[in-house]
Amino acid sequence: MNRTFRLWLLPTLLGVVAAVTGGCEQSRTADDEPRRLYTLFDIQEALHDSRPIPAGPEFGAGIAPDTIMTLGASGDSLKIMAAYSEGAPAAYVTTDLWTNFPEVWVQPWYVLVSAWNEKAPRDNKLGDGTTPAMIDVGPKSAFYSPFWLILYAVVDPRATADTYSSSRQLIDDGAPLHPGAPWFYTVRPLSVGLVPAKPLHPILGVEVGNVTLSPGARFDGEIIPYVNVGGNNFRYDDKLVVEEVPLFIFVRRESSGAPTRIGAPGVVGSSPLFSRRPAEVVGGQPRFGAFTRFYLAYLPDAAAAFDPAANPAAVMRLGALATPVDPKIYQGRVAANKDCFGADTFPASCTWLDSQQRVEDALGHAGIERTQVSAATPLVFYGGKAISR
Amino acid sequence: MVKPRLGRGRRPWTLSLTLLATMTASTRAQAAAPTGWPGEEMPLPLAVKTPADLALKTEAERQYLIFNLLAGGKVAFDAGDFSKAMKKWEALLRLPELPAAVEKVVRPLLAEAQHGARDVAVLPLSEGIPPGAGAPIGAAKPSPDPVARTVVSGTASGGGELGPGGTVVWLKRADGPTPRPRPGKRRAISQKNKVFIPRVLAVTAGTTVDFRNDDDFFHNVFSLNDGAKFDTGLYQAGTTYSQTFSKPGPVQLLCNIHASMVAYVYVVDSPYYTQAAGNGAFIIKGVPPGEYELSAWHEASANVVRKRVVVRPEGATGVNVAIPADKRSPPFVPDKYGKPRQPNVGY
Amino acid sequence: MNRFGSVAAFSIVAVLASVARAEVPADAPPVATVDEEAPPPLEEPEGYSPPEGVASTPPLSISGYLDVGFVKAQGDGTSFPAADTRLPADYGVDTFATAVNTRGEVASTDSGGRFVNGFLPRSVDIADRPSFLLNTLNIDLRYQTASSPFMVFSRVQLLPRHFASGNDTRVYVEQAFGRFAPFATRELNISVGKIDSVFGIEYLETQSNIRTGITPSPMARYTTGTSVGAKFFVRQQIAALQSAVSLNVAATNSAPFVESLQPPDASVAGSPNVSARLGYELNLRRFQLKLGGSALTGPRNDQRDRSARQRMLGADARINAFGLSLAGEYVDVKQDPGTEEKQTGLGTFPLASGFLARGYYVFGGYTLSPGWRLLARVTLYGRYGHRHAVFTGFRPVTVASITGGLRLDLGESVILKGEILRNDEIAGAPTVKNDVYTSSLVYSW
């Protein structure tokens, strides 16, 4: 091969490669939205950058981070979101978002104890409770989730906080592992919490259940702070897949077919869509709601959200009931028959869309559209009461 | 010699004549051997009844004499008996009115015989000089090899798709030790068009072979055979590398750059060897009569083929050797470090 | 007869006898002793070359090998500890550890129902049961006429496998390409088709009749896959230094990951991966040194998001001297997190995590050549491999493997190997019993 040929052969070859590399067009459909997990770290970053969180075409430019978190001078705060669930006012916080994720899984959360007490598993925590828990999946993993299966690992009482740093050690040492309750902990930036310390329901103005801001769990040599929003607020199957329940967002269909939110509080479901499973509530604590998938609930023209300011007569009727009802109880609650707002039989004659079953019955499959967004939305207020921790 | 019984009453002179007749007959019979040679007298009796018959018979005898001297000299020449060949051809050339064509073919060979006789003088016992008694005045220097030699010829067959050509054939004495062969003359193997030429070369132990790169690019020659390992390294076009081969047996030659190149040097430990031509024919010259083991090696054969051969004074002809093509090609051609080369990889 | 007559008669007889004796060919001459050098042969053959075309190999060549193994894995044949509930289960262990054959297939990938996300090898599904396995029936077809610069090659492998779901015999086209060598005087060729890797050196030993041992190294999963694309090779000899430098460049659908990790037969991302290796070799008579550096960049071919990139860097070294073979390779892999579902040779999985791995192996083998017909070579070998890998956000896993084995070359066509593979979980992955005892009988033709 002469020198000239040798000199141009390789660049030509690479040029072909480069052309191929740069020349291919890629088509994308609505179903091809990127799969991403947005933790509080990502949401805070989006909030500070004033950019929406991409969530698919149903959400236009995306989900505004300030609907989840409030920017604060001394720290950012989780926003309390008003909702209805099982026919009563509710509220939740949003801590994590997933776009285009088919499933979310429960991960192990290791709590070190010096002895096992089945009736009071949290007794005998190592170091009198100061030893941080251990996790093996951090917020940068696509498989991170705030849904944990607590495993109480019985270790040598002489062990210190630094003796164990990974689940490998526990398993290698053969530490007995006792499963506890499913719990909701979400890792957070240190500057994210709840402000004020006793937050209020945005509509009712009453205190909601608080969250616990914990100093941290141990992960890969670091201590990561997290938010404790309680336990037993989700279910999972034998494959450790977290059960999702719907969170209905009320929209109207524009002439172009695109949905437009009506701005009313959503409805948090209690069981998988159209499963008709009764809601499980134990001691006032809902065993659902921590993991929801957003569904667009397309309202017919006859439906509307109740606005006390626009319906003074209805407000008067509420006050005239045997037990007067605060109109805030119904503020933003959607009725399938908005004409009932003006009826003498208000509010009994309204077909309220304030529970999963009622929404499903009223709108059916045709009126409910699944979105690509799922979220961690633990309830902090349910059945008209704050959820205690 | 037949020894007759003495009978009672026979006279001694009768006995002597009987002995004489018997010995003469025996001698004549022995002189008639080797088989196939017509002898110096015309075997066909031609009746002479007229002058024309006489003239014809005379001419026939003359032609027969020419043939005898011509062919007899060649037989002696092929057997290495240069002195005898020389005598016969010199006698032939002294014949009057010898056809020019005969003279033309005889003279070069006579020169070779004379040359050969100078180096390897064989003193025929018919001259009455016993071996080792010293050379007569004027004769060539005493031959270091006073042994009569003959020719072994035959055909190799088989060899698979390669055919029998190139088969290395050699003889080793079965009735005694085989003389140690001398190192042969320097040979050459060329690398041209990514091929070794020749592909198969037989040499005696101690022979030096020059490897010559006649291509325009680098080559290499190496062998992994035990006792014959060598590596020329890279050598460029126009250069030569020499290697002496000492250990008897086959030596496979490969090129570390071009996996398709292969050749063989077969090192024989016998002076009686040759290689078959493309059609399988082979001739080994200068073989003393006796009992031998003939061996044949071919690159397509898994083992050396052996057979017994009796070499008579007149030689051995029609020795057929069948070469089975039973050698399995190894899955990979090795590089010079013994690592397998994969043709699909290409480097 | 009187005395005179008798004497005369006998005298005549004696004379005639002596004449007769003279005409009788001499008895067998005295034989030269072995110490005497024979005279030079009358004619020394000049060698033989067959007519053109006779000696060349036929255009179509069919070769291959059969690899049969007997293997036993410890534990349940996987690296999954029962007590580990982290998900995906294949992120927290080395699923490739329990390799049983040269293909890198493992004894089992049964996670007990735990969710896995596509970081899996192929499995022979024998768990901890000792079993004979027909690892590979490999058939190579090569077509090349003597004078043509073109060659066509294909390698098809039949892989009988059994699973609880039934027979799962696969027919796998491992390679199929055409090669063009345009210049007879240069070591330069271009291959197009399904080709083997150009990254590193271990891809040269993916076939069991080539590899000294049995199981692949911990980094082989990243470097020994085949993919569809084009490859360019050139080598320049440097005679003065007894050396050569070579360059191998390829553009392929996927990185040279094994097909269970990244599909090779189509471009999922729509953009090729470019890889290259620059090599140097020193070829002395009894000592060979080969050094190389490799690199790769391109989109992850396990999803359509072209912005999710992957890159690899590698370095390799080999020494062959006096029957001793030493080799070592270092590989560094990094993959960006993907945003779509992940496609592998085993199916589609939900997510494509960001990933990085660093690892190396060192190999040593010593070969004795007894030169016996039925035992051509005996090779004792050992290898140490080390791999540190982490999926983004998951606890890092560090493992090591030690292999030791014996290889017997029974002639030129039959190889018998026996190997022990010891796996150590150093960090991140819980310790499990997952050593492997394996053997392989390979017959080549």
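The model is predicted, so local features are given only where pLDDT is at least 70 and side-chain atom pairs count only at pLDDT 80 or more, whereas totals for chains, interfaces and linings use all residues. Residues are numbered from 1 along each chain as its sequence is written, while chains are lettered from A and ligands numbered from 1 in the order in which they are written.

**Chain A**

Select chain A, whose C-alpha atoms fill a box of roughly 95 × 70 × 45 Å along the principal axes. Its secondary structure comes to five helices and 23 strands, where helices (H or I, at least four residues) and strands (E, at least two) are DSSP runs numbered from the N terminus. Of the 389 residues in chain A, 45% are buried; a residue is buried if 20 or more other C-beta atoms lie within 10 Å of its own, exposed if 12 or fewer, and partly exposed in between, with C-beta atoms placed from the backbone. Among the contacts in chain A with a separation of 6 or more, 73% are between residues 24 or more positions apart, a contact being two residues whose C-beta atoms, placed from the backbone, lie within 7 Å.

Next select residues 356-363 of chain A, which form helix α5. Its buried residues are Gln356(A), Val359(A), Glu360(A), Ala362(A) and Leu363(A), and what covers them includes β13 (245-253), β15 (266-268), β18 (291-298) and β21 (368-376) of chain A. After α5(A) comes Gly364(A), with a positive phi near 65°.

**From chain A to chain C**

Show chains A and C together: their contact takes 36 residues from chain A and 40 residues from chain C. On the chain A side, the elements that give two or more residues are α1 (3-23), β7 (107-113) and α3 (167-172). The residues on that side divide into 19 nonpolar, seven polar and 10 charged, with Ala, Val, Leu, Ile, Met, Phe, Trp, Tyr, Cys and Pro counted as nonpolar, Asp, Glu, Lys and Arg as charged, and the others, Gly among them, as polar.

**A hairpin in chain C**

Select residues 309-321 of chain C, strand β12, which pairs with β13(C) in the antiparallel sense over 12 bridges; two strands pair if DSSP finds at least two bridges between them. Asn320(C) has Ser325(C) in β13(C) as its bridge partner, and in this hairpin, with two residues between the strands, Phe322(C) takes a positive phi near 50°.

**Chain B**

Turn to chain B, which has four helices and 18 strands, and in which buried residues make up 35% of 347. Chain B is divided into domain 1 (52-123) and domain 2 (150-341), bounds that come from an automatic or database domain assignment. The centres of these two domains, taken over C-alpha atoms, are separated by 37 Å.

Finally, display the open, antiparallel sheet of four strands in the order β12-β2-β14-β15 of chain B. Its edge strands, β12 (272-275) and β15 (305-311), each pair on one side only. Within the sheet, six bridges join β2 (residues 168-173) to β14 (residues 290-297) of chain B, and Arg173(B) stands opposite Tyr292(B) in β14(B).
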